[in-house]
Protein chains: 4
Amino acid sequence: MTDTLIKVDLSQPATENEQIHNRWHPDIPMACWVSPGDDFILETYDWTGGAIKNDDDASDVRDVDLSTVHYLSGPVGVKGAEPGDLLVVELLDIGAKQESMWGFNGFFSQTNGGGFLTDYFPSAQKSIWDFEGMFTKSRHIPGVRFAGLIHPGLIGCLPDPKMLADWNSREQALIDTNPTRVPPLANPPMARTAHAGKASGELRDKIAAEGARTVPPREHGGNCDIKDLSRGSKIFFPVYVDGAGLSVGDLHFSQGDGEITFCGAIEMAGWVHMKVEVIKGGMAKYGIKNPIFKPSPIVPTYNNFLIFEGISVDDNGKQHYLDVNLAYKQACMNAINYLTKFGYSPAQGYSLLGSAPVQGHISGVVDIPNACATLWLPTDIFEFDINPSASGPIKHLDGSIDLPLAPDK
Amino acid sequence: MTDTLIKVDLSQPATENEQIHNRWHPDIPMACWVSPGDDFILETYDWTGGAIKNDDDASDVRDVDLSTVHYLSGPVGVKGAEPGDLLVVELLDIGAKQESMWGFNGFFSQTNGGGFLTDYFPSAQKSIWDFEGMFTKSRHIPGVRFAGLIHPGLIGCLPDPKMLADWNSREQALIDTNPTRVPPLANPPMARTAHAGKASGELRDKIAAEGARTVPPREHGGNCDIKDLSRGSKIFFPVYVDGAGLSVGDLHFSQGDGEITFCGAIEMAGWVHMKVEVIKGGMAKYGIKNPIFKPSPIVPTYNNFLIFEGISVDDNGKQHYLDVNLAYKQACMNAINYLTKFGYSPAQGYSLLGSAPVQGHISGVVDIPNACATLWLPTDIFEFDINPSASGPIKHLDGSIDLPLAPDK
Amino acid sequence: MTDTLIKVDLSQPATENEQIHNRWHPDIPMACWVSPGDDFILETYDWTGGAIKNDDDASDVRDVDLSTVHYLSGPVGVKGAEPGDLLVVELLDIGAKQESMWGFNGFFSQTNGGGFLTDYFPSAQKSIWDFEGMFTKSRHIPGVRFAGLIHPGLIGCLPDPKMLADWNSREQALIDTNPTRVPPLANPPMARTAHAGKASGELRDKIAAEGARTVPPREHGGNCDIKDLSRGSKIFFPVYVDGAGLSVGDLHFSQGDGEITFCGAIEMAGWVHMKVEVIKGGMAKYGIKNPIFKPSPIVPTYNNFLIFEGISVDDNGKQHYLDVNLAYKQACMNAINYLTKFGYSPAQGYSLLGSAPVQGHISGVVDIPNACATLWLPTDIFEFDINPSASGPIKHLDGSIDLPLAPDK
Amino acid sequence: MTDTLIKVDLSQPATENEQIHNRWHPDIPMACWVSPGDDFILETYDWTGGAIKNDDDASDVRDVDLSTVHYLSGPVGVKGAEPGDLLVVELLDIGAKQESMWGFNGFFSQTNGGGFLTDYFPSAQKSIWDFEGMFTKSRHIPGVRFAGLIHPGLIGCLPDPKMLADWNSREQALIDTNPTRVPPLANPPMARTAHAGKASGELRDKIAAEGARTVPPREHGGNCDIKDLSRGSKIFFPVYVDGAGLSVGDLHFSQGDGEITFCGAIEMAGWVHMKVEVIKGGMAKYGIKNPIFKPSPIVPTYNNFLIFEGISVDDNGKQHYLDVNLAYKQACMNAINYLTKFGYSPAQGYSLLGSAPVQGHISGVVDIPNACATLWLPTDIFEFDINPSASGPIKHLDGSIDLPLAPDK
């Protein structure tokens, strides 16, 4: 039986678990050690450490303290791994915790986090998803059910001091361009809510003061929120410190490309069964700066899509230059509007795009001045036909069910 | 036998063919008429109308007059189609012209067109691709061969006068923010090289003066360069003028997401066999602003990928805010650098990413401040193994072959 | 432009074309020669040489002279190929003849050919399929349309004299066990209708007297009717004579596993674009007795199936021992019965199973005494939903359309 | 948390567990009851109830008492289900038992069970497979590793008395044609080793005397050994008795089409998470005789195949009439011989074909006198390249490792 090296008790605050941390820093003590070739299991909290509940009230989403995230399991030290190596991590399997077979998706309030479409959806809302084995469905979004493409939203190795300093300085420089923006451009270190695993005393204080926040993806991987880093995939991570220091968390039962709802995918507590190997000197051998990976041989085969296009012109008719971000926003809004014709509320549509295995493709980035992005909506996840036809759409939902909403106080 | 409604003689200048046009304008006369339910064939020039030759000299790419593109076949009038309808276009089949079984991919000079990675590849270069039935390979990029995902880069219906005016004004407003930029932010109408099909005299002059350029994708579709609009797909286009006015051109034998090389995919002359239907009032029924489509049931099954991540930090270490465009650039450069370890030149790698069926996914757009994009490189298109291993990469190419390059004069 | 080495004029009798033959014999003169590395095109008749017409009368199917089939294009000599080599044939592309964009599927009369389910369908019937680019549909079977998985039903190299003698003797031994059976157990050489290509005089007479009939698949491949030998696939054929002598014919626009209707798939005249290479001594190197092949990277992605089971118990309740043939018959009849609930006639169902890309799997062959076979019916080829539901099936067809039937005279 | 309705203690003999049975009979008492819409978990023994050990000695395979199999979990009564209904069973998830992360594959001795290729492999042998999350590999077959397509080999509902009588009589009639055959043609009821769940006394004796053996697949499904009945699939079972009486067992981590090794797939103990619904009167509504099913949306995407053909001519050159069974044998032997060129022993090849997700297709069943079957071997499961090439095969294994063999005593 495979060893579970990090255990998580969902009834215990994440901050009390010494094998959990919520900042990136080279000095975070290793939570445990393994050898190349080992396979082992790490349990994880959901990214908020349990702040969001399985109920019909979105005030927990509205009031969440985002300085506390993400609660990560690790770091795992790998014997013999040195800076310049590649750490090969195979995700042998991933699952939800038996006592917690559900997940949540939400939109943050624009005043506390925001999200990709926060201008359209400024209030906190959430949907709860129940897991039925490999499948999930939500009481807040009827008519849809799909298999999970389970993956960690966040996984990566500890940075070295130079890299950490670079992260903090470049992000602070960005913040300085508009320091009072809501939501902020980026998040600087924040000592108050830092959790540094086993570290205590001065070491803990140093980590808390300097530790990079976990929200952005960075050179080491980190919070990439790539839905295809799913169970069965194999990832090659750059190593920056002795022992590598691999941490993982923010498990998602499913997510659409972009994790557009920010809070986020279908978020869950769970466990990761993984195996590690080391390629000595692999960073230079392969010219690796960011992680690379091979996707899983087992993924949902939802191959019938309805594809929505978006271009980089905003709702006011203003032209933006090759802005893929805006083009994808437009593609998402086009899809959401389309879904309303079948009876979904816009919020249900938005939540669905953040939760289901939709694809977001960078379709054109050279045809000045318009970028073109496409949103691929798998049609087989719906219990009814959503394809266009000469007879027009049928409203399958009567509007009696919608996502809970918590207005700003 | 299906009727070929528009014929193209590659030895004749595109400007002399009255069923070809290179601007968007509601007054371009219909080249021919069909009825809903009809299927028919349209032949097309390559997008440049034959400016690029099957040789080993990139000066044609360097010197191309971009004000002449794209040469489109159409507009095809569809009887009974009215503004507000959806025109359903099924791409029954697409192929190269029998007398022209090859295509080209190139990078424009930074001073004449540029491209996605023009800062890294500022000079004109090109690669030639030979077609072997369903497959293609290039004498300029050894070791790779793949099946085509054949599609039109450009397809759409004529705009109405109001839409045309909006296009021109919003793009001019963007140009006005930096009118001397090289390459330009956008391209305004240009009468000199306009080709208005059958129009002549004052009508021709009006179209030439007002006609929108064909480069950007817009609300009607147009130059979307979506690789998945491939043969077998079914597209739902908004109709803005009586008869719809469907035009098509810019055929690609294959392309990667983003068409990053701009010049462009594997560009070819060919033919499109299509069928049209009309959904009356479909725009309002389905809330359609931009085209939507269903992809083909027949696509290449290259399912083994190596996936490269990129984040929105530039080469100088500067942090950009949720910039997917930059993140995708970084993912592309990561892939190109990786390929050099196996013996490819950077230019070969760049051309490959523009030509092969690589995917570009918008992986994360909410994890402030970094966007995350992924570049999916199908590994089965290579004749050797490009996966990472403990033993390190093998150089399969000796550098003796590279893409022709034409320095700026 | 690729050379067409064998041309076919559909208005000319196949027997008058010297590059066509309808028997297997080592002495059939090569129709043309190519070199390893060459690619070339061969045109082909449909397998009957034009005996079946695009009309609504099945008497042509009833009256066909089966001793005349199959009309094959070839043999193509490959320079340097010797016995013991492997001939590598890549099917670069396959298509229908432009002047003949249709195909037929039929059931032979039980007294003239029969078929897999001839006990249930004893009379001659046929359906006609029109091609729309990559797609096909039939006026005789409404409500279904699908993309072609185009392939040659018959392809292989000439046998050597020893192999030919073995074929004829083992098949005659089988015939001798029940020489008056209708339909026969096998077909011996028949000189009257033999066509030996360029051979004339005594040589022609020798070939006619000894030449093996083309119906069965044999060690050289031949009439394997494997739907997955489709365009884009690569086949490794044993070579038995100098020059290999590759012949091809019996093109199918589409077929289900088993080609259960015998007459046959969606049969068509067309062309094959192919490329040949030689692996010297490959038969011994790889221990090859029968051909092996790699399927195409481009195949229809109809991944939603309804799967029917069958076991080796016959309709009289009699138990047969691990009889996969019977189990597959039962699975087919189960599918046909199921389709009648949606309004299809049994004949329409039978024809569909022979024509559409259904899969037939050998699911269990060890669980004595019952074999288990499964019939995989792709549900996306139907224009309506054929999945089971609590509300029961809907009859989408009113029975007004059925397959033409020609009773025995 | 989902209820586990049947628990299995692997250290307890299966015959002592009252929720386990090893015969089919309408009077076996329900082990538990559920309602339509319920989801629940059933644990299962491996099919032999623990007779085969995780060691390197095949004597357990040689000596197994086949009259004891299969140990099934159930029957589960479904409230309201009546004869004529369809029981819809969704396999929400399937896994191995945490304390038993391994499986076995073996060949029976020809004198005790035999198997598909028993004439070639007459002695008992076995291979042990370790599970690494979603993946498996064997210490007895180096160089291969793949993801599991996990499924129950055996699942179905209780027969009614009439059906049971038919089974027993038709199988006895077959046995009577050659009652001393080794291995036997079929297996009649055998009271000695019958386990009738909760039944005791006279009821137990009746069931033991009459209960049908579990080896063959029959009208109710049963031991179909269909690899595609995998987790995520949805099956529609005929109901014959009040409450349906659903039983399941014989879990396979992976299997090739045909389960050719008989002992069997990669056999394991585990659990099934399932959900049931009822379609009232569904058998008549849909004309269902045997179960039908929809495959899972999540299956391994091993899409690169090497395909081997086989025809119905035996090793002595004797011609058999349209014998798919023999054709598949020949295809299997062709694949096994091919694998020996890369260093595998024939036994390793045979075991691999029984264990890996190979496909067996009924390719041609009408081209008299030869049936054609194809064996699809996925090439991505190998750690080295097994495709043919001009340079010939490389022996990757040195023969030092082989399957344990236990000669007949």
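Guide: Let us begin at the rotation axis: of the residues of chain C, C:His361 comes closest to that axis, at 2.3 Å (C-alpha). This is a predicted model, in which local features need pLDDT of at least 70, side-chain atom pairs count only at pLDDT 80 or more, and totals for chains, interfaces and linings use all residues. Residues are numbered from 1 along each chain as its sequence is written, while chains are lettered from A and ligands numbered from 1 in the order in which they are written.

Visitor: What rotation and what shift superpose chain C on chain D?

Guide: Copies are superposed by least squares on the C-alpha atoms of residues with pLDDT of at least 70 in both. Here a rotation of 180° with 0.0 Å of shift along its axis brings chain C onto chain D, with an RMSD of 0.0 Å. The two copies are therefore related as by a two-fold rotation axis. Furthermore, 100% of the interface residues of chain C are also interface residues in chain D, so the copies meet through the same surface.

Visitor: How many residues does the contact take from chain A and from chain D?

Guide: Two residues are in contact if their C-beta atoms, placed from the backbone, lie within 7 Å. The contact takes 22 residues from chain A and 22 residues from chain D. On the chain A side, strand 6 (86-96), strand 17 (270-279) and strand 19 (298-300) each supply at least two residues. Strand 19 of chain A gives the most, with three residues. Helices (H or I, at least four residues) and strands (E, at least two) are DSSP runs, numbered from the N terminus.

By class, this side of chain A has 11 nonpolar, five polar and six charged residues. Ala, Val, Leu, Ile, Met, Phe, Trp, Tyr, Cys and Pro count as nonpolar, Asp, Glu, Lys and Arg as charged, and the others, Gly among them, as polar.

Visitor: Do the strands that join chain A to chain D run parallel or antiparallel?

Guide: Two strands pair if DSSP finds at least two bridges between them. Strand 19 of chain A and strand 19 (residues 298-300) of chain D run antiparallel and are joined by three bridges. Within this pairing, A:Val299 has D:Val299 as its bridge partner.

Visitor: Into which domains is chain A divided?

Guide: Domain bounds come from an automatic or database domain assignment. For chain A they give domain 1 (4-294) and domain 2 (305-400). The C-alpha centres of these two domains of chain A lie 27 Å apart. In chain A, 27 residues of domain 1 are in contact with 23 residues of domain 2. Strand 10 of chain A gives the most to the domain 1 side of that contact, with six residues.

Visitor: How many residues of helix 6 of chain A are buried, and what covers them?

Guide: A residue is buried if 20 or more other C-beta atoms lie within 10 Å of its own, exposed if 12 or fewer, and partly exposed in between, with C-beta atoms placed from the backbone. In helix 6 (residues 346-355) of chain A, nine of the 10 residues are buried, among them A:Tyr350 and A:Leu353. The covering elements include strand 7, strand 8, strand 10, strand 16 and helix 5 (324-340) of chain A.

Visitor: Which strands pair with strand 7 of chain D?

Guide: Strand 7 of chain D pairs with strand 8 (residues 124-132) of chain D in the antiparallel sense over six bridges, and D:Gly106 has D:Lys126 as its bridge partner there. Three bridges join strand 7 of chain D to strand 16 (residues 262-267) of chain D, also antiparallel, with D:Phe107 opposite D:Phe262. Five of the six residues of strand 7 (residues 102-107) of chain D are buried, so this strand is largely enclosed by the rest of the structure.
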